[in-house]
Amino acid sequence: MSRPVKGAGRSFNSRRSAGTWALVAALVAVLGPGAQAGADSDRSGLPEAIDTVLGDTRMEGGVASVVVADAATGDLLYQHLPSTRLMPASNTKLSTSAAAMEILGPGYRFTTDVLADGKRYGSVLRGDLYLRGTGDPTLLAADYDTLAARVAASGVTRVDGRLIADDTRFDTQRLGRNWAADDESSYYSAQISALSVAPDTDYDTGTVIVTVKPGAAAGDKPVVTVTPDTDYVDIDVRATTVAAGGGDDLTVEREHGTNDIVVSGTTPVGGAGAKEWVTVWEPTGYAAAVFRDALAQHGVKVTGPDRLGRQTPGTARELASHDSMTLKDLLIPFMKLSNNMHAEILTKTMGYEVSKRGSWSAGLAVIAGYLKGIGVDAAKVRQVDGSGLSRMDNFPAGQLARLLLAVRAKPWYADWKRSLPVACDPDRFVGGTLRTRMCGTAAALNARAKTGSLTGASALSGYVIDAGGRELVFSVVLNNYLASSVKPLEDAIVVTLAKSTAEAATLVEPRTARGTDLECAWRKPVLC
């Protein structure tokens, strides 16, 4: 439902972006952090319209930080608690991805190499074989197979030595700060390593896909397969097939500190079964296991054991190499599907490229420096990981809006903006996490924005064209609500912007929620 709204609001409109932000700072200093500036210079009714949406009962007891600005001029059109720091969830990826484009560059590629140390005696290598990674999150089992084929093509059929997996580009801290322990086996919380494997072209690195199909008859064990086909994980099937129409409550979960994946529950004859993406324990070992299997398939036998975390000596000779897609192309699966692991890998990569330290602390320092350089006040945000999975991340909408305005002047902006999900575009690699939202509205195929979801935290920040052809920047960060979902409120704000003009706002009231904001909302297929 939509209706025109006119009248004075509680926000203000200025004429110059620099003056706007200076005035915001002055008002915050006078009124206190998170205060809302009051003025009545905006007669379009837009402030009243957005205030109406934020007054929805679903936000009762919650808190919202919201900013809207003219993208071309930077003029501030609306603000509500612009300096209040809230959990941004995956809106954190806006800062990580923009910093990566600036620091690493759109053409940056990850390389994965196979090297030999020792002497060749015909087809026998007497020495160690090294698999050296730099963090490529897109490596598939097929890529390891290609590397193995190249080793075989070099004439090596036997390695009298060890297979050493060199993941030393990154430190050994596998999980981010304050990540939830009960997310350990969930695909959006995989361990971070410079060497890993992705099971499919969503590139959920560090995971395997476990597919469960019901047995032929009641009482049979379900049939379980793993992609890629690897013995690195052990499947413990405790589930049972029941008669058609019976209970369907399968769970697939990896036990803590192991690679034992337990399949439990029941699945009915003729039912759909289940398909789950499950993280592995120690992704470097996973990569080594997949590569060793590929070598064997190509007739190359490695007699020694796998060794993890050893640095490749400078004397080693290259036998094969693989380059990833460019960063500008990697941004598509990263941002469209809100891939946490890509964010963390890029964070550590920035740390390595700038200071030769592939750690979270080094990478986050690089991101903070980048934000400061484009006018975002890094002292007013807290970023402890690259993805927003941590509940310690804190951003106000005002600083996210500054970021969205500043990147428009960058030479890589078009590629970066292309990576943002597009409202109601059904293509997963275009619409991404917005592909089912704002359909049948003025924002459909118009708004481009980054989603974010944690329990009690939701965010949406990006760009939209209003009814008068004016491009607007918006950032909506909502926290501490108890409703099952507040995404309809985010959508209502963006659709209101899309239907309004500079002269008159058209209020679009929030729809009834469909579904819930589950923790992270990163369930396959991705819908957040």
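Student: In this predicted model, which residues does W416 contact, leaving aside its neighbours within four places in sequence?

Tutor: W416 is in contact with L94, S97, A98, M101, L331, L404, V407 and Y463. Contact here requires heavy atoms within 4.5 Å.

Student: What makes W416 stand out in the largest nonpolar core?

Tutor: That core has 58 residues, and W416 is among those that touch the most other members, along with L94, L327, Y370, L403, V407 and Y463. Another core, of 39 residues, lies apart from it and includes V114, L195, V226 and A239.

Student: Which residues of helix 3 and helix 7 meet?

Tutor: From helix 3 come K93, T96, A99, A100 and I103; from helix 7 come N340, A343, L346, T347, M350 and V354. The residues of this contact divide into seven nonpolar, three polar and one charged.

Student: How much of the chain is buried?

Tutor: Buried residues make up 58% of the 528 residues, where buried means under 20% relative accessible area.

Student: What share of the contacts with a separation of 6 or more joins residues 24 or more positions apart?

Tutor: Such pairs account for 73% of those contacts. The chain's secondary structure comes to 11 helices and 22 strands.

Definitions and conventions: Residues numbered from 1 in each chain as written. Predicted model: local features only at pLDDT ≥ 70, side-chain atom pairs only at ≥ 80, totals over all residues. Heavy atoms only, no water. Helix = DSSP H or I, 4+ residues; strand = E, 2+ residues; numbered from the N terminus. Nonpolar A, V, L, I, M, F, W, Y, C, P; charged D, E, K, R; others polar. Core = buried A, V, L, I, M, F, W, Y, C linked by side-chain atoms within 4.5 Å. Buried < 20%, exposed > 50% of the residue type's maximum accessible area, 1.4 Å probe, protein only.
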